[in-house]
Amino acid sequence: FILDAFSSIFVWTGKQHSEIELRWSLESAVEYLKTTNDGRNDKNCPIYRVKQGEESTSFTCHFHSWFFKDGMTQWSKEIPINDNNDNIELVSDLLSQYNRTYSYEELSSGNFSKALDTANLENYLSDEEFEEVLKMTRDEFNKMAKWKRTKLKKELKLF
């Protein structure tokens with residue numbers, strides 16, 4: 001769920017979501033902000049992720065019916081009220097993991113976020129490592145027939 005509080009935007013995520021669902025919800029909030037016509041942008045309107053059960057008062061204060069009992073959230077007797085923002089994360093920081101360069105070792109061993117485009121793992125390699133591993137430039141690779149690219153990626157465990 002996305003909450004637009006004007007000075008900031010919150011993406012609330014439940015406990016049972018896949019990595020790809022998380023990525024899509026974070027990217028949706030970024031796209032939402034880009035489409036506003038009120039002068040807000042990523043410099044003056046931060047986007048935060050809030051996890052279910054770890055809601056901070058900076059998030060819950062936007063709901064007049066959100067109440068706490070005995071210093072606990074209304075849903076759990078085990079989770080104390082969070083009066084600071086320790087549990088909210090900047091969406092830009094979270095999304096950076098999907099746009100960074102990965103090493104061949106990370107990609108071929110499966111040591112990466114499952115929200116990456118697994119059909120195109122070669123795109124996450126640096127140009128230098130791409131040429132070293134695939135023995136060709138990106139342009140040469142992209143000119144190959146699709147079945148040849150797929151075969152090569154399978155041989156290199158990039159699929």
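Does tryptophan 12 count as buried, exposed or partly exposed, and at what relative accessibility? At 22% relative accessibility, tryptophan 12 counts as partly exposed (buried is under 20% relative accessible area, exposed over 50%, partly exposed in between, with a 1.4 Å probe and protein chains only).

1. Basis of the note. The model is predicted, so local features need pLDDT of at least 70 and side-chain atom pairs count only at pLDDT 80 or more, whereas totals for chains, interfaces and linings use all residues. Residues are numbered from 1 along each chain as its sequence is written, and side-chain values use heavy atoms, with hydrogens and water left out.

2. Overall fold. The protein contains 7 helices and 6 strands (DSSP runs numbered from the N terminus: helices are H or I of at least four residues, strands E of at least two). Their order along the sequence is β-β-α-β-α-β-β-β-α-α-α-α-α. Of the 159 residues, 33% count as buried.

3. Helix α1. This helix covers residues 19-35, and its 17 residues should span 24 Å at 1.5 Å a residue; the end C-alpha atoms lie 25 Å apart, which agrees (the expected span is 1.5 Å times one less than the number of residues). Its buried residues are Leu22, Arg23, Leu26, Ala29 and Leu33. They cover an arc of only 125° around the axis, which puts them on the same side of α1 (the arc is that of the directions from the helix axis to the C-beta atoms). The face turned away from this buried side carries the exposed residues Trp24, Lys34 and Thr35.

4. Packing of α1. The buried residues of α1 pack against β1 (2-4), β2 (9-13), β3 (47-51) and α3 (91-99) (a contact means heavy atoms within 4.5 Å).

5. Aromatic pairs. The count comes to 6 aromatic pairs (rings of Phe, Tyr and Trp, the last by its six-membered ring, pair if their centres lie within 6.5 Å; planes under 30 degrees apart are stacked, over 60 edge-to-face and the rest tilted). The rings of phenylalanine 1 and tryptophan 12 have centres 5.9 Å apart and planes at 45°, so this pair is tilted. Phenylalanine 1 lies in the segment before β1 and tryptophan 12 in strand β2, 11 residues apart. At 73% relative accessibility, phenylalanine 1 counts as exposed.

6. An edge-to-face pair. Phenylalanine 10 and phenylalanine 59 form an edge-to-face pair, 5.4 Å centre to centre with 70° between the planes. Phenylalanine 10 lies in strand β2 and phenylalanine 59 in helix α2 (residues 57-60), so the pair ties together parts 49 residues apart in sequence. Phenylalanine 10 is buried, with a relative accessible area of 2%.
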